[in-house]
Amino acid sequence: MSTISPYAIDHLKVVPRRYYGRWLSAALILLALGFVVHAFAHGQIEWAVVAKFMTAKVILQGLLNTILMTIYAMVVGIVLGVVFAVMVMSPNKLLKAVATFYIWFFRGTPLLLQMLLWFNLALVFPTMGIPGWFEARTVDIITPFVASLLGLGIGQGAYTAEVVRGGILAVDNGQTEAAKAIGMTRLTALRRIVLPQAMRVIIPPVGNEVISMIKLTSVASVIQFSEILHNAQTIYFANARVIELLIVATIWYLAVVTVFSIGQHFLEQVFSRERRARARTRAAGTQGATG
């Protein structure tokens, strides 16, 4: 008479685990998605109007202004960010104090407030220039475009400064010491040794800031800068097609963000490949020295 060992498991049947919570959550998500699609499909939305204004000249002009303002503001923000990151890490107490105040002030005040301050600068300085050489009315200099660029770019510089500072701190201090040992100045070592290595840490958050900047340009509509949301509002104030024009703006924002996100991905891949190549070179050099 054969007996089955109490420790044998070959006679047991394998039963897949049931993930009832996952099924329930998936069903709820599909139900909610179906509700939203049904609402937009049967709501009071003239999709022909959406299609008509997708390529309207004023919308495309606003789209171009949005893209250009994003690029210009990020260039200003990155340049200021690098400069003030170096200043805040400087042994010079005055430079460090100035950089610390800049970062504190522009990170601590709302972007809309900064933009309004720049736009109304004429109330404080009626004219700008050098007396006897060049003078002009401030209202003629600080246009909606200039006020938007100053507000977005200078405000972005405060955030980028912290990102750059974090990237610099992520690089081993021995790199700087080695550069100084061979006669490099502090700034030369920063430019040729530290910053290239810090880019792998800096690129991802700066890429996210670019995506945020695309959306932040919509704040400039308050001071009448002709970006895409402002132009969409101008149209729906005239024809009362509010939801249709907002959908147009939404689609274009998503399209631009998608393109920039793809660019960010490839840029990160480039720096990742360069980092791996440098690591392989250092490893080969170490093996050669050991051999």
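At 55% relative accessibility, Tyr-20 counts as exposed (over 50% relative accessible area, with buried under 20% and partly exposed in between; 1.4 Å probe, protein chains only). Trp-23 is likewise exposed, at 52%. In this predicted model, local features need pLDDT of at least 70 and side-chain atom pairs pLDDT 80 or more, whereas totals for chains, interfaces and linings use all residues. Residues are numbered from 1 along each chain as its sequence is written, and side-chain values use heavy atoms, without hydrogens and water.

Tyr-20 and Trp-23 lie three residues apart, about one turn, in helix α1 (residues 20–42); helices are DSSP runs of H or I with at least four residues, numbered from the N terminus. Their rings form an edge-to-face pair, 5.5 Å centre to centre with 80 degrees between the planes. Rings of Phe, Tyr and Trp (its six-membered ring) pair if their centres lie within 6.5 Å; planes under 30 degrees apart are stacked, over 60 edge-to-face and the rest tilted. The whole structure contains nine aromatic pairs.

In helix α4 (residues 93–108), Tyr-102 and Phe-106 are four residues apart, and both are buried. Their ring centres are 5.1 Å apart and their planes at 50 degrees, so the pair is tilted. Both residues belong to an aromatic cluster that also includes Phe-84, Phe-101, Trp-104 and Phe-105.

Among the 26 residues of the largest nonpolar core, Met-115, Leu-152, Val-164, Ile-168, Leu-190 and Ile-202 touch the most other members. Such a core comprises buried Ala, Val, Leu, Ile, Met, Phe, Trp, Tyr and Cys residues joined through side-chain atoms within 4.5 Å. Helix α9 supplies the largest share, eight residues.

Note on methods: Helix = DSSP H or I, 4+ residues; strand = E, 2+ residues; numbered from the N terminus.
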